[in-house]
Amino acid sequence: MSEVSGRPADAGDAVSQSLSRIVDQLDATLGPALLDRPDAVHAHRKAVRRLRSTLAAYRPFFDDDAVRRLHHTYRDWGGELGEARDLEVRIAVAQRFLDPEADPAAAPMLDALTAAYASAHRRVARRGVTAVARRRRADLAAFLEAPPRTAKAARRTKRDLRRRLVKEGEHVLRRAETATAAVED
């Protein structure tokens, strides 16, 4: 970062600053997610997705292997969070549309969903404090402490970041077009 202006010195520095803010979100949301605070699993999962998306979008600015390892590690963690979050959403939808008083099958269905969520959240809480979790966070800290930058990271900030964003946006649009190409999808 430029000493005088506080602005990023180059594209790699700008992305590193962005990643640092995302890591702050990860750290702030982890504890509440592990303690099952309202909407906390969702907030932490969003931070994990944001980290992964940023790493993917700006991969050319950093060592590919380092980015790939972090991306993979946080994909696994995001998947575990996703199981719990999906059950939270299913419970909310079921509570909204099912009436246990009017439909005798509703109460057992809600009970089953609640039990499945409790089990999924216990797994999240256990896995969030394991040696693997500590290693995942240490690897991320090491990446941010000394980002393994490529020559592309030293380029001018605005133009190169804009190009990466446009490329990533085009990639997302192509995937969306492919995903929605068939009517039955």
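This is a predicted model: local features need pLDDT of at least 70, side-chain atom pairs count only at pLDDT 80 or more; totals for chains, interfaces and linings use all residues.
View 1. Helices here are DSSP runs (H or I, at least four residues), strands are E runs of at least two, and both are numbered from the N terminus. Going along the sequence, you read α-α-α-α-α-α. Of the 185 residues, 32% are buried (under 20% relative accessible area with a 1.4 Å probe, protein chains only). Confidence is given as pLDDT, the predictor's own score for each residue from 0 to 100: the chain averages 88, and 90% of its residues reach 70 or more. Residue numbers start from 1 along each chain as its sequence is written. Local features need pLDDT of at least 70 and side-chain atom pairs count only at 80 or more, while totals for chains, interfaces and linings use all residues, and side-chain values use heavy atoms, with hydrogens and water left out.

**View 2. His 42 sits in helix α2 (residues 40-57).** With a relative accessibility of 18%, His 42 counts as buried. Skip its neighbours within four places in sequence, and His 42 is in contact with Arg 85 and Glu 88 (heavy atoms within 4.5 Å).

**View 3. The largest pocket has a volume of about 150 Å³.** On a 1 Å grid over the protein atoms alone, a pocket is an open set of points with protein on both sides within 12 Å along at least five of seven lines, and lining residues have an atom within 4 Å of a point. Points are joined across faces, edges and corners, and the volume is the space filled by probe spheres set on them. The lining residues include Leu 26, Tyr 74, Trp 77 and Arg 134. Two or more lining residues come from each of α1 (11-34), α3 (64-97) and α5 (131-145), and α5 gives the largest share, four residues.

**View 4. The largest cavity has a volume of about 30 Å³.** A cavity is a set of grid points where a 1.4 Å probe fits but cannot get out. Lining this one are Glu 80, Glu 83, Ala 120, Arg 123, Val 124 and Arg 127. Both α3 and α4 (106-127) supply at least two lining residues, with α4 giving the most, four. By class, the lining has two nonpolar, no polar and four charged residues (nonpolar: Ala, Val, Leu, Ile, Met, Phe, Trp, Tyr, Cys and Pro; charged: Asp, Glu, Lys and Arg; polar: the others, Gly among them).

Key: Buried means under 20% relative accessible area, exposed over 50%, partly exposed in between (1.4 Å probe, protein chains only).
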